[in-house]
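Have the coordinates open as you read.

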Amino acid sequence: KMEAFVADLSHELKNPVAAIRAASEVLREGAADDPIARNRFLSRIDEASHRLEILTKDLLALARLEARGTHLEQKLIPLNEIVRAAERTYLSEAEERGITIQSTMESAQVRGDRRWLIRAVGNLIANALRYSPKGGTISITVTIDETDAILRVMDQGPGIEPSMKTRLFDRFVTDRKTADQTGLGLAIARSVAELHGGSANIIEMAKPGACLELRFLRA
């Protein structure tokens with residue numbers, strides 16, 4: 001398992017590091033004297049550096065969660081409140097793309113860490129936004145059963161490729177449709193759910209799109 005993790009990490013780090021080195025070498029060889037070329041290669045360095053920054057932050061967060069090295073608060077929190085806070089983070093992006101976020105929520109309380117719960121739910125919303133068509137709708141539901149509070153986020157995108165279904169919540173799994181994808185967002189969501197007595201799952205749907213579920217132990 002550790003060998004696979006190191007191999008995956010090396011692969012993820014290799015591309016942005018190589019991009020920075022290549023752009024730096026071109027600048028040193030004279031491209032810096034041409035304003036247009038200089039700006040182009042500086043932009044490449046900036047983009048690769050930004051990707052490294054995001055990757056490092058997400059990786060450290062996941063490593064702390066998996067190693068139980070992060071102190072999780074144990075406060076009684078309405079899950080509806082968590083969902084609303086996560087929604088607000090992505091509301092402007094959704095509005096810019098004409099995407100509607102709608103929610104239907106039963107009353108449910110969980111005991112846990114507000115900050116990490118918001119991040120986990122937010123990561124599912126971010127994933128849904130990434131694949132939602134312009135003018136589409138993202139539906140969020142909160143339901144309860146005997147033991148769990150169940151959060152589901154559904155989009156109207158192309159759905160999940162069959163080859164990714166068994167690995168979707170693993171580290172570094174991504175189709176890399178945007179430059180800021182690290183393949184760690186859903187892995188973080190899964191770890192947060194597990195640390196709150198739950199799980200992360202894919203829910204099969206009859207209609208187009210994807211439905212991702214987080215379960216949390218009810219308080």
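Q: In this predicted model, how do α4 and α5 lie relative to each other: roughly parallel or oblique?
A: Helix α4 covers residues 114-131 and helix α5 covers residues 185-195. Their axes sit 9 Å apart, at an angle of about 140°. Only angles over 145 degrees count as roughly antiparallel, so α4 ends up oblique to α5.

Q: Which hand does the crossing of α4 and α5 have, left or right?
A: Here you're looking at how α4 passes α5. The crossing is left-handed.

Q: Which residues of α5 make the contact with α4, and how many of the contact residues are nonpolar?
A: On the α4 side you'll find Trp116, Leu117, Arg119, Ala120, Asn123, Leu124 and Asn127. The α5 side brings Gly185, Leu186, Ile188, Ala189 and Val192. Sorted by class, this contact has three polar residues and one charged residue, and the nonpolar ones number eight.

Q: What angle do α3 and α4 make, and what does that make them to each other?
A: Helix α3 spans residues 79-96, and its axis comes within 8 Å of the α4 axis. The two cross at roughly 40°. Roughly parallel needs an angle under 35 degrees, so α3 and α4 are oblique.

Q: Which residues of α4 meet α3, and what is the hand of the crossing?
A: From α3 come Glu81, Ile82, Val83, Ala85, Ala86, Glu87, Tyr90, Glu93 and Ala94. Facing them in α4 are Arg114, Leu117, Ile118, Val121, Gly122, Ile125, Ala126 and Leu129. By class that contact has 12 nonpolar, one polar and four charged residues. As for the hand, the crossing of α3 and α4 is right-handed.

Q: How are α2 and α5 arranged, roughly parallel or oblique?
A: The axes of α2 and α5 are 10 Å apart, and the angle is about 25°. Since that falls under 35 degrees, α2 counts as roughly parallel to α5.

Q: What span should α2 have, going by its residues?
A: Helix α2 runs over residues 35-66, which is 32 residues. At 1.5 Å a residue, counted for one less than the number of residues, you can compare the expectation with the distance between the end C-alpha atoms. The two agree, because both come to 46 Å.

Q: Which residue's side chain reaches the backbone at the start of α2, and which residue follows the helix?
A: At the start, a side-chain oxygen of Asp34 gets to within 3.0 Å of the backbone nitrogen of Ile36. After the helix comes a residue with a positive phi, near 55°.

Key: Residues are numbered from 1 along each chain as its sequence is written. This is a predicted model: local features need pLDDT of at least 70, side-chain atom pairs count only at pLDDT 80 or more; totals for chains, interfaces and linings use all residues. Side-chain values use heavy atoms; hydrogens and water are left out. Axes are lines fitted to C-alpha atoms, for helices over the stretch in contact, and angles run from 0 to 180 degrees between N-to-C directions. Helices (H or I, at least four residues) and strands (E, at least two) are DSSP runs, numbered from the N terminus. Angles under 35 degrees count as roughly parallel, over 145 as roughly antiparallel, 65 to 115 as roughly perpendicular and the rest as oblique. A crossing is left-handed if the near helix is turned anticlockwise from the far one by less than a right angle, and right-handed if clockwise. Contact means heavy atoms within 4.5 Å. Ala, Val, Leu, Ile, Met, Phe, Trp, Tyr, Cys and Pro count as nonpolar, Asp, Glu, Lys and Arg as charged, and the others, Gly among them, as polar. A polar contact is a pair of N or O atoms within 3.5 Å; within protein, one must be able to donate a hydrogen and the other to accept it, and residues adjacent in sequence count only if both atoms are side-chain atoms.
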